[in-house]
Amino acid sequence: MGRPSKYETHVLPRFDEIEDWCRNGATDKEVAERLGIAMSSFSEYKKEFSEFSEVLKKTKEYVDGQVENALLKNALGGNITAQIFWLKNRRPNKWRDKVEPNVEENINSKVIIVDNIEEEGEEYVKQDADIEQN
C-alpha cells in the first residue's frame, strides 16, 4: 500500500475550511496556496474529484447570490453607482457607455458613365455643376 495522495491529506479533510474560504471570497489560487498545493494539482483535483469541484462551485454560487442580492438592495435603495452597475450588466445594449447610433442607409447617388472622357468631359462637368446648384 502506497502513501496517501495530497488530495487525501491536504484537501479532503479540509472541506469545511475550503467552504469558509470561498464564502469569504477566496479565489482558486488563494485556496490552493492555503492548502499548500500547486495550482496544477488544484486544477487536476477539480477534474478528478467531483465532490471537490462541487464544494467549490456550490459555495461560490451561494456567495455570488448574496452579493447579487446586496447589489440589488443597494440599487433599489437609491445607490446611484449600484444602479448604474446593475443596468450596465443586466441591460448592456441599452445602458452601455457607448451607444451606437442607429443609422439607416439613405444614400442618393448619380452614376454617369462616360465612354470618351476627352469629348464628353466638358459636358459632364457642366451637368455636375447644374446638379450641385439645384
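Leaving aside its neighbours within four places in sequence, which residues is Val31 in contact with? They are Ile18, Trp21, Cys22, Ala26 and Phe42. The model is predicted. Its chain has eight helices and zero strands. Of the 134 residues, 18% count as buried.

**Overall fold**

- From the N terminus on, the elements run α-α-α-α-α-α-α-α.
- Take the contacts between residues at least 6 apart in sequence: 44% of them join residues at least 24 apart.

**Nonpolar core**

- The largest nonpolar core holds 17 residues.
- Val11, Ile18, Val31 and Phe52 have the most contacts inside this core.
- Five helices each supply at least two residues of this core: H1 (6-11), H2 (15-23), H3 (28-35), H4 (39-48) and H5 (50-76).
- Helix H2 gives the most to this core, with four residues.
- Val31 belongs to the group with the most contacts inside the core, and Ile18 is one of its partners beyond four places in sequence.

**Packing of H2 against H3**

- The axes of H2 and H3 come within 10 Å. They cross at roughly 145°.
- H2 passes H3 in a right-handed crossing.
- On the H2 side, the residues that meet H3 are Ile18, Trp21 and Cys22. On the H3 side, they are Val31, Arg34 and Leu35.
- By class, this contact has five nonpolar residues, no polar residues and one charged residue.

**Asp28, in H3**

- Asp28 sits in helix H3.
- Its relative accessible area is 16%, so Asp28 counts as buried, the limit being under 20%.
- The side chains of Asp28 and Lys46 are joined by a polar contact of 2.8 Å.
- Beyond four places in sequence, Asp28 is in contact with Met39, Phe42, Lys46 and Lys60.
- Phe42 is also on the contact list of Val31, as it is on that of Asp28.

**Arg34, in H3**

- Arg34 is placed in helix H3.
- With a relative accessible area of 42%, Arg34 is partly exposed.
- Setting aside neighbours within four places in sequence, Arg34 is in contact with Arg14, Trp21 and Ala26.
- Trp21 and Ala26 are also among the contacts of Val31.
- Arg34 and His10 are 24 residues apart along the chain. Their C-alpha atoms are separated by 9.6 Å.

**Thr59, in H5**

- Thr59 lies in helix H5.
- Buried or exposed, which is Thr59? Thr59 counts as buried, because its relative accessibility is 3%, and the limit is under 20%.
- A polar atom of the Thr59 side chain lies 2.7 Å from the backbone oxygen of Val55.
- Not counting residues up to four places away in sequence, Thr59 touches Glu19, Cys22 and Arg23.

**Gln83, in H6**

- Gln83 is located in helix H6, which covers residues 80-90.
- Gln83 counts as partly exposed, at 28% relative accessibility.
- Its contacts beyond four places in sequence are Ala75 and Gly78.
- The C-alpha atoms of Gln83 and Lys73 are separated by 9.8 Å. Gln83 and Lys73 are ten residues apart along the chain.

Notes
Residues are numbered from 1 along each chain as its sequence is written. This is a predicted model: local features need pLDDT of at least 70, side-chain atom pairs count only at pLDDT 80 or more; totals for chains, interfaces and linings use all residues. Side-chain values use heavy atoms; hydrogens and water are left out. A nonpolar core is a set of buried Ala, Val, Leu, Ile, Met, Phe, Trp, Tyr and Cys residues joined through side-chain atoms within 4.5 Å. Buried means under 20% relative accessible area, exposed over 50%, partly exposed in between (1.4 Å probe, protein chains only). Contact means heavy atoms within 4.5 Å. A polar contact is a pair of N or O atoms within 3.5 Å; within protein, one must be able to donate a hydrogen and the other to accept it, and residues adjacent in sequence count only if both atoms are side-chain atoms. Axes are lines fitted to C-alpha atoms, for helices over the stretch in contact, and angles run from 0 to 180 degrees between N-to-C directions. A crossing is left-handed if the near helix is turned anticlockwise from the far one by less than a right angle, and right-handed if clockwise. Ala, Val, Leu, Ile, Met, Phe, Trp, Tyr, Cys and Pro count as nonpolar, Asp, Glu, Lys and Arg as charged, and the others, Gly among them, as polar.
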